[in-house]
Amino acid sequence: MTHASPSAAPPAVSFREAFLFWLKLGFISFGGPAGQIAIMHAELVERRRWISERRFLHALNYCMVLPGPEAQQLATYIGWLMHRTWGGIVAGALFVLPSLLILIALSWVYIAFGNVPLVAGLFYGIKPAVTAIVVQAAHRIGSRALKNRILWGIAAASFVAIFALNLPFPAIVAAAALIGYIGGRVAPETFKTGGGHGSAQKSYGLALIDDDTPTPPHARFRWGRLMSIAIVGAALWLIPMGLLTLHFGWRHDLTQMGWFFTKAALLTFGGAYAVLPYVYQGAVTHYGWLTPTQMIDGLALGETTPGPLIMVVAFVGFVGGYVKAVFGPDSLFLAGAVAATLVTWFTFLPSFLFILAGGPLVEATHNDLKFTAPLTAITAAVVGVILNLALFFGYHVLWPAGFSGRFDAISAAIAVAAAIALFRFKRNVIHVIGACALAGLLVRLLAG
């Protein structure tokens, strides 16, 4: 691919060229939202100059205030801006599809061969690594979000609410948003942190969609277009949900998965780590689709595959469909694959609708969005929720048989080593998981 000089805008990008890029991105989007956004910035802003720094950050700031995976939504937004509705659908879908296919395959290997010594040994080392990764996530988000005593207080209150009072995650998010909304009006200085990714400071040359490039006709706001997206979006939710209810009944596991993960999709403020406690409360405690240990293993698989971390829901769906044998004992793989695909559909459908419906409103102004006060409070609450998740994981890893059983000193040593690698040496998450998996395998082989 030839690149235009910085003084000239790059040539128009064909739909085929964009398709190939989004396909490639779907296979290389490791590193969580920060890593995925960094890859898109390097490719689209710096190298290819498909979009300017300012327009890229403006789109990102909008995606940051939405529930759902912001990196996937950003890809959808840029694809939509460049190539209309189908451009957005292709960009967003290809961000998810490779991960879904890989996770279906890995989930099957895990559930069908998890008791094989090789696989069991690998996961023995992976579990403590995941505990350390969740602690690091709490620290990373907390160090950015908790800028004053009020926000520290919100984080502490959310921890108590979920740890001691066992309040549902949606109630915690709603309370934090209300506090942020009121606080943003009463004490705006306290709640002004968070929500954005800064302002554009650099220019990498003229971009295809530059700072002063007029908004294309398809991206201008029209009430008729908004209504048509709302109607199509409602149909895309109602038709599969209605068919599931008519064919299986409302209480069936597949129907409940569709309903539960629709709610989860609307609560993913603050990233996947924020919604994991809610998924745990529902999938493990309420529905029994998988065990606490399987939830930890699923998070490890989500960390080591490309795509958004919230794709761990595909693992939850696969294990739930497989274990519950929703299509009978002779179709276990099919049950898992269908359940994984269903929960992915219901989890990501809102993200596409938010971008396609809200994009024209965002394009109408290139000023920073002013929705950050509730988001700041929600992010502070998320820190307390993630800390609770880390304690939950730590308990199941270090005392696998409960507090009445023995303390697993080897798992504790692996967790400490993983934490040192992450905090002190800033090692890559995938490298840490790989090293801990090998350590776990060696321990099991030597013990055997």
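Helices, here, are DSSP runs of H or I at least four residues long, numbered from the N terminus. In this predicted model, Trp108 lies in helix α4, and with a relative accessibility of 34% Trp108 counts as partly exposed, because that class covers the range between the cut-off for buried, under 20%, and the cut-off for exposed, over 50%.

When neighbours within four places in sequence are left aside, the contacts of Trp108 are with Phe113, Phe318, Tyr322 and Phe333.

## Helix α8

Helix α8 comprises the 26 residues 223-248, which at 1.5 Å a residue should span 38 Å, and the distance of 37 Å between its end C-alpha atoms agrees with that expectation. Just after α8, Gly249 adopts a positive phi of about 100°.

Which residues of α8 are buried? They are Arg225, Ile229, Gly233, Met241 and Leu244, and the buried residues of this helix pack against α4 (70-113), α9 (253-265) and α13 (332-363).

## Helix α15

Residues 409-423 form helix α15, whose 15 residues reach 21 Å from the first C-alpha to the last, close to the 21 Å expected at 1.5 Å a residue. The N-terminal end of α15 is capped by Asp408, a side-chain oxygen of which lies 3.3 Å from the backbone nitrogen of Ile410. Within the helix, the buried residues are Ser411, Ala412, Ile414, Ala415, Ala418, Ala421 and Leu422.

In soluble globular proteins, nonpolar side chains tend to be buried together. The largest nonpolar core of this model has 98 residues, of which Val134, Phe261, Tyr273, Trp289 and Leu290 touch the most other members. The greatest contribution to this core comes from helix α14 (residues 372-398), which gives 15 residues. Apart from this core lies another, made up of 40 residues, including Ile37, Leu74, Ala75 and Ala91.

Residues up to four places away in sequence not being counted, Val134 touches Tyr273, Leu299, Ile386, Leu389, Ala390 and Phe393.

## Cysteines

How many disulfides does the structure hold? There are 0. Cys63 counts as buried because its relative accessible area is 0%, and Cys436, with a relative accessible area of 7%, is likewise buried, the cut-off for that class being under 20%.

Methods
Residues numbered from 1 in each chain as written. Predicted model: local features only at pLDDT ≥ 70, side-chain atom pairs only at ≥ 80, totals over all residues. Heavy atoms only, no water. Helix = DSSP H or I, 4+ residues; strand = E, 2+ residues; numbered from the N terminus. Expected span 1.5 Å × (residues − 1). Buried < 20%, exposed > 50% of the residue type's maximum accessible area, 1.4 Å probe, protein only. Contact = heavy atoms within 4.5 Å. Disulfide = S-S within 2.5 Å. Core = buried A, V, L, I, M, F, W, Y, C linked by side-chain atoms within 4.5 Å. Polar contact = N/O pair within 3.5 Å; in protein donor to acceptor, adjacent residues only side chain to side chain.
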